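I am opening a notebook on this structure. The entries below follow the order in which I looked things up.

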4 protein chains.
Amino acid sequence: MAGSRTGIWLIGAKGGVATTTIVGLLALKKGLTENVGLVSELKQFDHLDLADWNNIVIGGHDIRDVSLLDEAYKMVFESRAIDGRLVEKLKDDLTSLDANIHDGTLYNAGKKITEFAHAKLQALQETPREAVDRLKGHIADFAKANSLDNVVVVNVSSTEPSVDGELFPKTWKELESQLSTSDCKLPASSLYGIMALELGYPFINFTPSLGTAIDALDDLAKSNSTCHMGHDGKTGETLLKSTLAPMFANRNFKVMSWVGHNIFGNMDAKVLDDPENKKTKAVSKDRLLSKIFGYTPQTLVTIENIDSMGDWKTAWDHIHFQGFLGTPMVMQFIWQGADSLLAAPLVIDLARFGDLAKRQGCTGLQPQLSCFFKSPLGTEENDFAKQFQMLEAWTESIKS
Amino acid sequence: MAGSRTGIWLIGAKGGVATTTIVGLLALKKGLTENVGLVSELKQFDHLDLADWNNIVIGGHDIRDVSLLDEAYKMVFESRAIDGRLVEKLKDDLTSLDANIHDGTLYNAGKKITEFAHAKLQALQETPREAVDRLKGHIADFAKANSLDNVVVVNVSSTEPSVDGELFPKTWKELESQLSTSDCKLPASSLYGIMALELGYPFINFTPSLGTAIDALDDLAKSNSTCHMGHDGKTGETLLKSTLAPMFANRNFKVMSWVGHNIFGNMDAKVLDDPENKKTKAVSKDRLLSKIFGYTPQTLVTIENIDSMGDWKTAWDHIHFQGFLGTPMVMQFIWQGADSLLAAPLVIDLARFGDLAKRQGCTGLQPQLSCFFKSPLGTEENDFAKQFQMLEAWTESIKS
Amino acid sequence: MAGSRTGIWLIGAKGGVATTTIVGLLALKKGLTENVGLVSELKQFDHLDLADWNNIVIGGHDIRDVSLLDEAYKMVFESRAIDGRLVEKLKDDLTSLDANIHDGTLYNAGKKITEFAHAKLQALQETPREAVDRLKGHIADFAKANSLDNVVVVNVSSTEPSVDGELFPKTWKELESQLSTSDCKLPASSLYGIMALELGYPFINFTPSLGTAIDALDDLAKSNSTCHMGHDGKTGETLLKSTLAPMFANRNFKVMSWVGHNIFGNMDAKVLDDPENKKTKAVSKDRLLSKIFGYTPQTLVTIENIDSMGDWKTAWDHIHFQGFLGTPMVMQFIWQGADSLLAAPLVIDLARFGDLAKRQGCTGLQPQLSCFFKSPLGTEENDFAKQFQMLEAWTESIKS
Amino acid sequence: MAGSRTGIWLIGAKGGVATTTIVGLLALKKGLTENVGLVSELKQFDHLDLADWNNIVIGGHDIRDVSLLDEAYKMVFESRAIDGRLVEKLKDDLTSLDANIHDGTLYNAGKKITEFAHAKLQALQETPREAVDRLKGHIADFAKANSLDNVVVVNVSSTEPSVDGELFPKTWKELESQLSTSDCKLPASSLYGIMALELGYPFINFTPSLGTAIDALDDLAKSNSTCHMGHDGKTGETLLKSTLAPMFANRNFKVMSWVGHNIFGNMDAKVLDDPENKKTKAVSKDRLLSKIFGYTPQTLVTIENIDSMGDWKTAWDHIHFQGFLGTPMVMQFIWQGADSLLAAPLVIDLARFGDLAKRQGCTGLQPQLSCFFKSPLGTEENDFAKQFQMLEAWTESIKS
Ligand SMILES: NC(=O)c1ccc[n+]([C@@H]2O[C@H](COP(=O)([O-])OP(=O)(O)OC[C@H]3O[C@@H](n4cnc5c(N)ncnc54)[C@H](O)[C@@H]3O)[C@@H](O)[C@H]2O)c1
Ligand SMILES: NC(=O)c1ccc[n+]([C@@H]2O[C@H](COP(=O)([O-])OP(=O)(O)OC[C@H]3O[C@@H](n4cnc5c(N)ncnc54)[C@H](O)[C@@H]3O)[C@@H](O)[C@H]2O)c1
Ligand SMILES: NC(=O)c1ccc[n+]([C@@H]2O[C@H](COP(=O)([O-])OP(=O)(O)OC[C@H]3O[C@@H](n4cnc5c(N)ncnc54)[C@H](O)[C@@H]3O)[C@@H](O)[C@H]2O)c1
Ligand SMILES: NC(=O)c1ccc[n+]([C@@H]2O[C@H](COP(=O)([O-])OP(=O)(O)OC[C@H]3O[C@@H](n4cnc5c(N)ncnc54)[C@H](O)[C@@H]3O)[C@@H](O)[C@H]2O)c1
Ligand code: NA
Ligand code: NA
């Protein structure tokens, strides 16, 4: 269906990842940047009927009263991560896009996040059902105004405090009934998931928040013939872990300990500085090693806010392993990447592949997208090379 | 054929890699060490009929008048790379094994290597044919004395000055006739290859030297129904390159430059300190990136002798790549491994898999072993994960 | 007073630092090792009348029922930090020395440390005064039996939970009266300090524990004409901080953040793994930067137990600074040192310099020894180069 | 003499260091930047009568036909090292300054440098004397037009091929007579030195080129009552070496090897890529360790052109040392700095201190400025902390 028109609806649309995604999409539309960093632009995916830059329209939800242009300038001048000339050329487009971004929900988003929101939103009182319906309204209008065939909702909002997914009933029917009560334990990310899935749109959770990672919402996705996937975009240290750990396994090295320290200083770092929110993230970064090795080396993962770093996340990893005859050896790596620039192209890739999956009639979880996630749902595969092969295999199976 | 008796014949049998291989095999025989670092011991290879430790016998060629025990002590006390208690327990076995190691050949081995040899060998004058026949005698005696069903010859001798493989005729018949002349350009490593293949034994070239990497010797292997593979064991920096580069490719990052500096201080380092010998190695370390990326980033690879390092090879790699919107990012790694301990288990693995291949009737090159080599012959595959899958696929196809 | 006989009395005499100190002293006595790492052996200190190896006798206190030889073997085989041949040659001497080590005190040593002690000691009930008197008896016997002119007490026992020094009265007279009560808040390290100072012997606190770092104990030192110094030996990351930070200051770079992560796995690491004990250490590692810069960059220091590291402490530091025109730049360092081997020579140096100070009639704190400490008492100087010059200036002023 | 007017005359005025120096001075004049990175702005130098930003005028020589503004943009967009907003604000000033930069000389500047020059200059034929006189004319006009009391000439031009200083006579009188011949072996940097000194102006050699580092030119400086200093600005790896090596010495560690690899990609890197020019640099980077240690560890220093790095110079240093009991340990550091931004403030500092020295009547070499140089002339002091104390001592001795 060449020429199909696709919306990308970003939750957290004025955050670092979203702003960079938007700058990038605008630049791609105008031919101002190359396709570096975009997985969906690799030659092995050429035959796929992926959404063209010109057929993509952007909208979203956020909770802060800021302008996209100011947020883009922060990436240029505070973080020195985006070339200023690019933002200069996109000034007007960025300013216009502010109109496409609407007030989201703070339902169970936690204290830290609520502090960031503008006053009116902080004051708003809604049941989950009311919130979901209001949010759905925004997307429906957006889809209509822009004659969209499909809208992929991608959650790139702040990491929420952790919630135990086991608390919730297993079927959509049971869960649905809780939405009208005000002591429903679902966090905002799940409400956004419901918003998307009820509309029959794909939902992608790029964050470690709960989102749709519970049976009841998978049930909803399937009954509405749509798909979803998550969670937590794999952009830096974990990408390297899932690339390097299989090598250690295949060489039969015995990894004794794997220590990783991450420092960065953007708004995400400030949110994760809150112990409640950090917990959600640390779990997500640490679970894959045991799965790959079949045993559990001692691990330590920290993620700390260091203001001066801005969007630059630096990870130092120290891998202590035994070689032949038990001799201890060490590999260390240092990763210095601009976090939002690592994430943004994957958001675009996920939106395109998610859109394609929906058009292909795929429903429920989409494990063929696991290479994009730290903790991929619906699969136990954590080896990056094999995850990538799953994506290739799926796309090969699609006639264009 | 459980219980098949296998010889491992090491060329360079008193070098660091060989000594460690021997210490390791003796320790495995006596149950003094775990199987860490041995690929052939991974559970996915359990069903294969690989040679048991107790059915393996060791012999070899070298050119120096030193004892295995002294060389083992160097690994313990100079390099601090092997636990002294282990060598203590293997003292007598190591001493006995000296008798299994015979004078090799210095034919076209180059000035640097010749300097290391004992005087009598330096003085020896032979045509290549005479040399090959003398060397074959050693193995034949060894096989007979130990009732061996097969002998795998593994070249772990010093890296020779580089030779252009294009100089040689394409068929064994043509090449064979050159062996009787004294201006034959074949280096020692190739004579060892001929020695093995003429006897119908597999030949594995763990070094970057020429060995059997020419058509005429593949011809010989096939006509003698035996197999061979090379070259240059993949133990450190290149292992990481072949693991990490595919990740950069799969994420569509644009690698602008990849710089690698290697320092170490063992005898191999001293040999490679000679520009002629180093050339052979540097080529071998640098060719895979373009193959993986499909374009050629700027690369720089050095390998330098630093005495104090002993057997510890430290590599620092600096990978400069563009992410989304052209933003430059950096990954660096530091690898600190004991070189001979990284190599030795692979020598054992290669001998076991080579032995199996021969028993399976495989002839010619064995690209399913490419994961063990920096510059695998007979395949263009340089992605470590895929190379490993080739090995798994081959072994899966074998009924035990 | 050439030929003066000196005792070194180690608190924590069977710990990693003490064991290494003892192995080192025995090796120096027998000429089995060079003087690498010993500051007191630098040529600029040649003219000083420092205690000769042969005139040094070792004794100490500990709380665990283990043998010095076993602890030394741990350094050889678990940590791979000491050459096994050395311990082999000192076997008998180490075994004899066990007899010189007596039961210390657990008074206010905290839960974590008490767990390590042998049962009899755990059960022992004493007032601080009784404990001090018992401990003094051990040293008095030791001094007499070995005809010692002086005994330097060095605290290398486990780091205690932190205690607020402000709690205690300012004069020895007032403090002394608290010793007979059983709710006295002084920790064990301070009792050891009192033990030394009451005997007129110098006390050196190599740990971050309280020790003699309160006015009342300085008062005691002065009235007994003896000296003391502390605290927390400067052996790794902090040594580098106090060396590098002055360079950043002298170049007028603006350090925005300084992050330091430390991992190690010996018994000290296990003690510091307890949050109460860790607090004492972290404070000690972090205070010098503001003093050197005159402003406070954002800092982060962690120190974590990773079992596989044994005695090897690895520190990764990331220094983010502004250069000219505000351009952000980065320096990172990685320090890989064997902790006890870094500490032991300094223990010997401090004992020798402390002994000399006492013989020179110096009383109270000895800030000329500040280069050996993370948090030197009695001085605000934290620049390592200047601290070292203080030591040189003091020794130059001494006629030999 | 507050209000004294000072010229800074840059040789290589359109290079990376010079352009950054000029951008910086213009920004300081307009209050657009802080004084980070400027040593002369440290509080301990407050009392000195150093030239005010507003009393400094800039001129210089170069050999290329490029505009300062374009070169400044390169630092912004190619190297991402200067904030673009700053250059935007200085556009007009930079453009005007092009008029103050005149054609220099290529006399004995070597093949590599000559290639960069514009055609007319390549064709120009002059004796050294003619060249010096022509160049002096430019400065004389500049001084007059701007009513300058003093002009400090700073050489920041490309590193020349190495020349043996021993070739030249020891007195100015003898050397002077060679200037009229066309086979005079003096390189361009020395002609610039003569130009300055003959005019009675200070000459500072920020490069490793010969400049005034020969007796005959020190003779000239003294007889003309002016001063000079060099050579090779100490901005990165060597700064760290001269800071860290004294610590290793003071702890009596035995440094076995010190390996340093440097990569960068600006125009300086391209010049140094020529083996003749690189030789001049490598010598300069490697001599200080033996002086500090009193013995010579194995060293290795490379400096390589990697295009993608632009002005960012990354150094990885691996320091292998023995601690107590001979145990080998490792310190590594990684330095990531923008080369021209590290150099530029020192150029300004040197000009200000050189101007002050001249006004103070200092003649000949100025070793109190040694902290700014890799290979300081007129002193054997290579310890950075001590060099800095020399500067402090000198300035303290000056009444303001
Ligand atoms: N490399 C990466 O950047 C990366 C990788 C994996 C995951 N993530 C995750 O992506 C998310 C976004 O990262 P970021 O760096 O852009 O963070 P950010 O803090 O810059 O942006 C988050 C945005 O979400 C908005 N927001 C918060 N709660 C909201 C709510 N309830 N509804 C609507 N908007 C809300 C905030 O106002 C903000 O604009 C985080 O959860 C992060 O952990 C990022
Ligand atoms: N990680 C690794 O150690 C590694 C990885 C890949 C390849 N290799 C290669 O393996 C080889 C062995 O490495 P090493 O560290 O053991 O080196 P080494 O120098 O310790 O040992 C080489 C041995 O070969 C012997 N020798 C040299 N020429 C010979 C000849 N013509 N015939 C017989 N013996 C000869 C030498 O006497 C010596 O004992 C080298 O070519 C090296 O480049 C090693
Ligand atoms: N580089 C270094 O190793 C270094 C540097 C600075 C400071 N320190 C400090 O030195 C101390 C010793 O370090 P270590 O690595 O040898 O630790 P360790 O745990 O190996 O040894 C401590 C010893 O003290 C003993 N001990 C504990 N409480 C005692 C008490 N109340 N009385 C007598 N003995 C007692 C323990 O039984 C143990 O034998 C620690 O406080 C550490 O923080 C070490
Ligand atoms: N951190 C640093 O950047 C640093 C540190 C120490 C020394 N240096 C030295 O400073 C010098 C300048 O470095 P850069 O990065 O600015 O180099 P660059 O190549 O950017 O600039 C050199 C400039 O000198 C000009 N030039 C060359 N030969 C000349 C001549 N004979 N007369 C007049 N102009 C001439 C060139 O045209 C160019 O504009 C180099 O020698 C470098 O080695 C730089
Ligand atoms: Na982020
Ligand atoms: Na080797």
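This is a predicted model: local features need pLDDT of at least 70, side-chain atom pairs count only at pLDDT 80 or more; totals for chains, interfaces and linings use all residues.

**Entry 1: two helices in chain B.** Ile22(B), Val23(B), Leu26(B) and Ala27(B) of H1(B) touch Leu86(B), Leu90(B), Asp93(B), Leu94(B) and Leu97(B) of H3(B). I sorted the residues of this contact by kind and got 8 nonpolar, no polar and 1 charged. Then I looked up the geometry. H1 covers residues 16-29 of chain B and H3 covers residues 84-97 of chain B; the two pack at an angle of about 110°, and their axes are 10 Å apart. That angle makes H1(B) roughly perpendicular to H3(B).

**Entry 2: the sheet in chain A.** I wrote down the strand order as S3-S2-S1-S4-S5-S6-S11 for chain A, an open sheet of 7 strands with parallel pairing. Which strands stand at the edges? They are S3 (101-103) and S11 (364-365) of chain A; each has a single partner strand, so one side of each has no neighbour in the sheet. S6 of chain A, residues 227-229, runs parallel to S11(A), and 2 bridges join them. Cys227(A) is opposite Gly364(A) in S11(A). I also noted that helix H14 (residues 339-359) of chain A packs on the sheet. H14 of chain A touches S1 (6-11), S4 (150-155), S5 (203-205) and S6 of chain A, and its direction makes about 140° with that of S4(A).

**Entry 3: the sheet in chain C.** I looked up chain C as well. Its open sheet has 7 strands in the order S3-S2-S1-S4-S5-S6-S11, with parallel pairing. Strands S3 (101-103) and S11 (364-365) of chain C are at the edges with a single partner strand each, so each has one side without a neighbour in the sheet. Here I checked a pair inside the order: S5 (residues 203-205) and S6 (residues 227-229) of chain C run parallel and are joined by 2 bridges. The bridge partner of Phe203(C) in S6(C) is His228(C).

Entry 4: I listed some exceptions. Gly230(A) and His231(A) are joined by a cis peptide bond, with omega about -15°. His231(A) sits in the loop between S6 and helix H10 (237-250) of chain A. In chain D, the peptide bond from Gly230(D) to His231(D) is cis, with omega near -20°. His231(D) lies in the loop between S6 (227-229) and H10 (237-250) of chain D. Leu325(B) is not a glycine, yet its phi is positive, near 60°. I placed Leu325(B) in the loop between S9 (312-322) and S10 (328-338) of chain B.

**Entry 5: chain B against chain A.** How many residues does the contact take from each chain? I found 60 from chain B and 60 from chain A. The buried area between them is about 4,900 Å², and carbon and sulfur atoms give 64% of that.

**Entry 6: how the copies are related.** A rotation of 180° with 0.0 Å of shift along its axis superposes chain B on chain A, at RMSD 0.0 Å. Phe333(B) is the residue of chain B that comes closest to the rotation axis, with its C-alpha at 2.0 Å. Both copies use the same surface, as 100% of the contact residues of chain B recur in chain A. I then took chain D and chain B. A rotation of 180° with 0.0 Å of shift superposes chain D on chain B, also at RMSD 0.0 Å. These two copies are therefore related as by a two-fold rotation axis.

Terms used: Residues are numbered from 1 along each chain as its sequence is written. Chains are lettered from A and ligands numbered from 1 in the order in which they are written. Side-chain values use heavy atoms; hydrogens and water are left out. Copies are superposed by least squares on the C-alpha atoms of residues with pLDDT of at least 70 in both. Axes are lines fitted to C-alpha atoms, for helices over the stretch in contact, and angles run from 0 to 180 degrees between N-to-C directions. Helices (H or I, at least four residues) and strands (E, at least two) are DSSP runs, numbered from the N terminus. Angles under 35 degrees count as roughly parallel, over 145 as roughly antiparallel, 65 to 115 as roughly perpendicular and the rest as oblique. Contact means heavy atoms within 4.5 Å. Ala, Val, Leu, Ile, Met, Phe, Trp, Tyr, Cys and Pro count as nonpolar, Asp, Glu, Lys and Arg as charged, and the others, Gly among them, as polar. Two strands pair if DSSP finds at least two bridges between them. Buried area is the accessible area (1.4 Å probe) that two parts lose on being put together, summed over both.
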